Amino acid sequence: MTDNLVRTPLYDEHLALGARMVDFAGFDMPVQYSGIIEEHLATRSSVGIFDVSHMAEFRVAGPGCYQFLQGMLTNDISLINETGKAQYTLMLNDDGHIIDDLIVYNTGFEYLIIANASNREKDWNWLWSHKPDDVDMVDETERTGLIAVQGPEAKRIMQELCGQDWVAPERFTLVPATIDGRISCLVARTGYTGEDGFELIVHAEDLVTVWRVLLSFNEVSPVGLGARDTLRLEMGYHLYGNDMDETRDPISAGLGWVCPKAKAEDYTGRAVVENMRAVGPKERLVHLLLEGKGVPRHGMDVLKDGEVVGIVGSGSHSPSLQKGIATAYVPADYAEPGTKLDIQIRKNVVPAVVVKPPFYKH
Amino acid sequence: MEFLKDRKYSSDHEWIVVEGDEATIGITEYAQDALGEVVYVDLPSEGDTFEAGDTFGEVESVKSVSELFMPVSGEIIAINDALDDAPETINDDPYENGWMIRITMSDPEELKNLLEADEYAATLD
């Protein structure tokens with residue numbers, strides 16, 4: 001055990017709930033409580049709550065912040081000009097490769113960026129080194145707690161917690177809320193599970209109270225990072241480090257939709273993206289459904305007629321489908337849905353078929 | 001955690017119940033708990049032979065995969081086919097319905113190298 005892992009404000013709550021803790025991006029995080037499959041299915045059928053306070057939050061403000069972020073991020077921030085709007089976006093390096101995937105919220109007077117915990121320092125340094133003098137940036141990660149409330153019953157529970165007069169935000173929108181009549185926070189209709197749900201941006205010192213109030217509902221189960229991963233993979237959502245990194249561009253990764261052609265401003269990496277869109281990438285990220293038994297894992301070889309042609313990005317057992325599911329980078333010729341490929345799972349060659357995401361359909 | 005006294009244990013977390021020259025093998029309560037919900041088991045075929053310490057299969061949970069090791073040498077005479085469709089039986093009932101393989105031992109003397117229940121439990125502290 002290493003002693004220098006960072007703890008979120010909910011660390012003691014996780015231990016009290018019997019969580020199994022793991023090192024995730026330098027944080028001591030719950031991977032599971034009752035069991036990954038049970039937590040996964042609880043989120044799909046009722047409500048799961050997730051401590052995602054390890055994720056990084058940066059506030060970007062100042063007169064130049066709009067122009068700055070338009071130049072740094074692939075998506076078009078003019079599309080979130082209204083206060084409370086949120087957007088999924090990418091940050092690219094000069095080669096057009098992916099530094100991180102982010103959510104940007106327009107809070108009205110500034111932008112709030114939520115970044116992957118593992119990329120906090122890298123993202124900060126990249127943004128800071130490009131920042132003009134009329135932009136201010138603050139790293140709010142330690143002061144900010146984040147709880148995801150996800151599942152078909154999430155709306156009803158949030159309504160009960162925030163009062164009947166509270167109007168829940170639309171999808172990809174952020175609104176202020178008062179939890180249990182006493183705790184001010186921001187509530188976004190976003191998530192990483194494929195279920196209807198919310199993400200609660202809470203002051204670090206209020207996090208334990210909010211967590212406990214949520215758990216006081218019988219319908220609510222605590223869910224760890226294990227099920228967070230299986231839930232997102234069933235939807236085909238990307239995970240940085242598995243499905244994209246600084247060797248992959250957005251078009252190969254299937255994220256061209258986050259790089260709108262109609263955006264007026266130039267951004268770092270745009271020339272590479274537009275060129276890749278025009279000529280077509282050599283490799284594409286595909287979604288593979290296992291036809292045989294076994295569990296695909298990150299880094300396993302993908303075969304076509306016995307020859308290695310690709311590599312697994314994300315792989316897991318799907319609790320909803322009870323089958324192995326994976327993403328993989330393969331030659332663009334093999335990216336069509338219906339294409340038969342194989343995955344080398346240690347000594348077994350297991351057949352798989354390219355499918356259109358999501359794996360799990362509601 | 002429960003460790004039955006009717007059987008012996010390996011430090012690799014397998015148990016073995018002996019009846020004459022034959023023996024039944026599975027994984028312990030501790031092993032199934034550490035692994036989490038089992039979603040896949042890869043077992044050998046009848047007639048395969050292994051030395052003590054050989055890998056005879058794999059057991060996989062959502063998050064991890066573990067190899068299965070032969071506590072003693074022998075030939076596979078039966079495998080638990082039911083685990084193919086219901087691998088979670090290993091979590092629910094590791095000592096009875098969650099058994100994995102039945103073997104004919106080639107050298108029952110090797111049983112002396114294995115641990116009693118209390119000795120095995122002591123290795124887990």
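This note walks through some helices, strands and loop residues of the structure above.

1. Before we start, a word on the ground rules. This is a predicted model, in which local features need pLDDT of at least 70 and side-chain atom pairs count only at pLDDT 80 or more, while totals for chains, interfaces and linings use all residues. Residues are numbered from 1 along each chain as its sequence is written, chains are lettered from A and ligands numbered from 1 in the order in which they are written, and side-chain values use heavy atoms, with hydrogens and water left out.

2. Let us begin with helix α2 of chain A, residues 36–45. Helices (H or I, at least four residues) and strands (E, at least two) are DSSP runs, numbered from the N terminus. Seven of the 10 residues of α2(A) are buried, where buried means under 20% relative accessible area, exposed means over 50%, and partly exposed lies in between (1.4 Å probe, protein chains only). The buried ones are I36(A), I37(A), E39(A), H40(A), A42(A), T43(A) and R44(A).

3. Now look at the partner helix, α7(A), which spans residues 225–235. Here 11 of 11 residues are buried. Those buried residues pack against α2 as well as the strands β1 (20–24), β2 (27–32), β3 (47–51), β16 (307–318) and β17 (323–331) of chain A. Just after the helix, G236(A) has a positive phi of about 80°.

4. How do the two helices meet? Two packed helices are described by the angle between their axes and the distance between the axes. For α2(A) and α7(A), the angle is about 55° and the axes are 8 Å apart; axes are lines fitted to C-alpha atoms, for helices over the stretch in contact, and angles run from 0 to 180 degrees between N-to-C directions. That makes α2(A) oblique to α7(A), since angles under 35 degrees count as roughly parallel, over 145 as roughly antiparallel, 65 to 115 as roughly perpendicular and the rest as oblique.

5. Which residues make the contact of α2(A) with α7(A)? From α2(A) come I36(A), E39(A), H40(A), T43(A) and R44(A), and from α7(A) come G226(A), A227(A), T230(A), L231(A), E234(A) and M235(A). Contact means heavy atoms within 4.5 Å. These residues divide into four nonpolar, four polar and three charged. In this scheme Ala, Val, Leu, Ile, Met, Phe, Trp, Tyr, Cys and Pro count as nonpolar, Asp, Glu, Lys and Arg as charged, and the others, Gly among them, as polar.

6. Next, follow the chain to S46(A), in the loop between α2 and β3 of chain A. Its relative accessibility is 14%, so S46(A) counts as buried. P152(A) is 106 residues away along the chain, yet the C-alpha atoms of S46(A) and P152(A) are separated by 5.6 Å. Leaving aside neighbours within four places in sequence, S46(A) is in contact with Q150(A), G151(A), P152(A), E153(A) and E219(A).

7. Strand β5(A), residues 86–92, has seven of its seven residues buried. In a regular strand the side chains alternate between the two faces of the sheet. In β5(A), A86(A), Y88(A), L90(A) and L92(A) point one way, and Q87(A), T89(A) and M91(A) the other. β5(A) pairs with β6(A), residues 98–106, in the antiparallel sense over seven bridges; two strands pair if DSSP finds at least two bridges between them. M91(A) stands opposite D100(A).

8. Strand β17(A) is largely enclosed by the rest of the structure, because seven of its nine residues are buried. β17(A) pairs in the antiparallel sense with β14(A), residues 283–290, over seven bridges, and with β16(A) over six bridges. Opposite A328(A) of β17(A) stands V286(A), while K323(A) faces S318(A). β16(A) and β17(A) form a hairpin with four residues between them, where Q322(A) has a positive phi of about 55°.

9. Finally, turn to chain B, where an open sheet of three strands has the order β4-β6-β7 with antiparallel pairing. Its edge strands are β4 (38–42) and β7 (65–69), each pairing on one side only. The twist averages 20° from one strand to the next. Five bridges join β6(B), residues 55–61, to β7(B), and E67(B) is the bridge partner of E58(B).
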